[in-house]
Amino acid sequence: KKDVLDIESLEPSEISLILDTARGMKEISERPVKKVPTLRGKTIVLFFQEPSTRTKLSFDTAAKRLSADSISISKSSSSIVKGETLIDTAKNLEAMKPDVIVLRHPSSGAPHLISKYVNASVINAGDGIHAHPSQALLDMMSVREKKGKIEGLKISIIGDIAHSRVARSDIIGFSKMGATVSICAPETMIPMGIEKLGCTVSPNIETCVEGADVVMMLRIQKERQGNILFPTEREYAALFGLNKTRLALAKKDVIVMHPGPMNRGVEISSDVADGQCSVILEQVTNGVALRMALFYLVAGGNRHADSD
Ligand code: CP
């Protein structure tokens, strides 16, 4: 069976195949009738145990555009609230013979765990602070679409790296595809040993943004910070927020990205978020095509490149 659990386990050739497939899927979303019968008869379970707007809706839209049957359950509407374990839940889902289970979970490693108990393909829609592979893949798709390549670009990622599964997956993915990744954050938001994933740590936001082809901003994940937020939002905006002055240090054709949700006025000013360099909403559009590609490759097509 084919899972998509993290970016580490994907070869560059597999990433390229996913991005190529997603490009084709995007054409379907641009037709007057945005639906093809490719995955008719397939059942996809969307199990989101944390809130989501973009990821959940785009996986659901992707399933429907490929004519798969998608069923959603959340933590509050499942028997998890009655004390049922994740493994028992997974076994019960499996008993209904789904083809794909998409899981978002607050605990790192949860999708890897359920994968051992189900025959369905498991797609990780974000687990704790660990990984968000479909987000990293749609980010790579967006960069490749805008820049024509990933190799050789300077990608700057700024924000709460410590609590960001997006940052981890993006650092691994972009460096795997030949980009140079520079990160910047308050010291309290940089995990020890992050360089091992394939990035360098910049001393300040100006150095990080200077000469960048892509600037990706991340929000402070207050829900994972506990009660103490340091720096405060005002201090954070002053020291680490992206505004027009700082963006001017990047390359002229820089693109600005953000996985969402944004905290406007904290990590990014509204004029930059809504400005000409921003591709933030195009990332969301690409999220549907990218997730269609993942469903096609795990449930209907061939994930391995011809050369494999
Ligand atoms: N990027 C992202 O994961 O957004 P959601 O939490 O809204 O799904």
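In which strand is Arg 104 found? Select residues 100-105, which form strand β3; Arg 104 is found there. The model is a predicted one.

**First stop: Arg 104**

Is Arg 104 buried or exposed? It counts as buried, because 25 C-beta neighbours lie inside 10 Å and the threshold for that class is 20 or more. Now display the contacts of Arg 104, leaving out residues up to four places away in sequence: Phe 48, Gln 49, Glu 50, Ser 52, Thr 55, Ala 125 and Gly 126.

**Second stop: the ligand and its shell**

Select the ligand next, together with the residues around it: Ser 52, Thr 53, Arg 54, Thr 55, Gly 126, Gln 135, Pro 259, Gly 260 and Pro 261. Coloured by class, this shell shows two nonpolar, six polar and one charged residues. Colouring by domain instead shows that the shell draws at least three residues from each of domain 1 (12-131 + 286-299) and domain 2 (133-283).

For comparison, select the positions that the unreviewed UniProt entry lists under "binding site": Arg 54, Thr 55, Arg 104, His 132, Gln 135, Gly 260 and Pro 261.

Centre the view on His 132, in the loop between β4 (121-127) and α5 (133-147). His 132 counts as buried because it has 26 C-beta neighbours inside 10 Å. Apart from neighbours within four places in sequence, its contacts are Gly 126, Arg 165, Val 166 and Ser 169.

Which kind of peptide bond joins Gly 260 and Pro 261? Show the backbone atoms here: the bond is cis, with omega at about -5°. Pro 261 belongs to the loop between β9 (255-257) and α10 (270-273).

Select residues 43-48 for strand β1. This strand is largely enclosed by the rest of the structure, because five of its six residues are buried.

Colour the chain by its division into domain 1 (12-131 + 286-299) and domain 2 (133-283). The C-alpha centres of domain 1 and domain 2 lie 25 Å apart. How many residues of domain 1 are in contact with domain 2? There are 22, and they meet 21 residues of domain 2. On the side of domain 1 that touches domain 2, the elements giving two or more residues are α1 (12-29), α2 (54-65), β4 and α11 (280-299). The residues of that side divide into eleven nonpolar, eight polar and three charged.

A further selection comes from UniProt: the unreviewed entry places "domain: Aspartate/ornithine carbamoyltransferase carbamoyl-P binding" on residues 2-145. Over residues 2-145 the chain is 41% helix and 17% strand, with the end C-alpha atoms 26 Å apart.

Move to Ile 161, in the loop between β5 (154-158) and α6 (165-176). Ile 161 is buried, since 24 other C-beta atoms lie within 10 Å. Draw a C-alpha to C-alpha distance from Ile 161 to Met 189: the two residues are 28 apart in sequence and 5.7 Å apart in space. Not counting residues up to four places away in sequence, Ile 161 touches Ala 167, Ile 183, Ala 185, Met 189, Ile 190, Pro 191 and Ile 194.

Which values of phi do Ser 67 and Lys 97 have? For Ser 67, phi is near 70°, a positive value in a residue other than glycine. Ser 67 sits in the loop between α2 and β2, and it is partly exposed because 14 other C-beta atoms lie within 10 Å.

For Lys 97, phi is near 60°, again positive in a residue other than glycine. Select the loop between α3 (86-95) and β3 to find Lys 97. With 9 C-beta neighbours inside 10 Å, Lys 97 counts as exposed, since that class holds residues with 12 or fewer.

How values were computed. Residues are numbered from 1 along each chain as its sequence is written. This is a predicted model: local features need pLDDT of at least 70, side-chain atom pairs count only at pLDDT 80 or more; totals for chains, interfaces and linings use all residues. A residue is near a molecule or strand if its C-beta atom, placed from the backbone, lies within 6 Å of it. Ala, Val, Leu, Ile, Met, Phe, Trp, Tyr, Cys and Pro count as nonpolar, Asp, Glu, Lys and Arg as charged, and the others, Gly among them, as polar. Domain bounds come from an automatic or database domain assignment. UniProt positions are given in the numbering used here, feature names are shortened, and annotations may be inferred rather than shown by experiment. Helices (H or I, at least four residues) and strands (E, at least two) are DSSP runs, numbered from the N terminus. Two residues are in contact if their C-beta atoms, placed from the backbone, lie within 7 Å.
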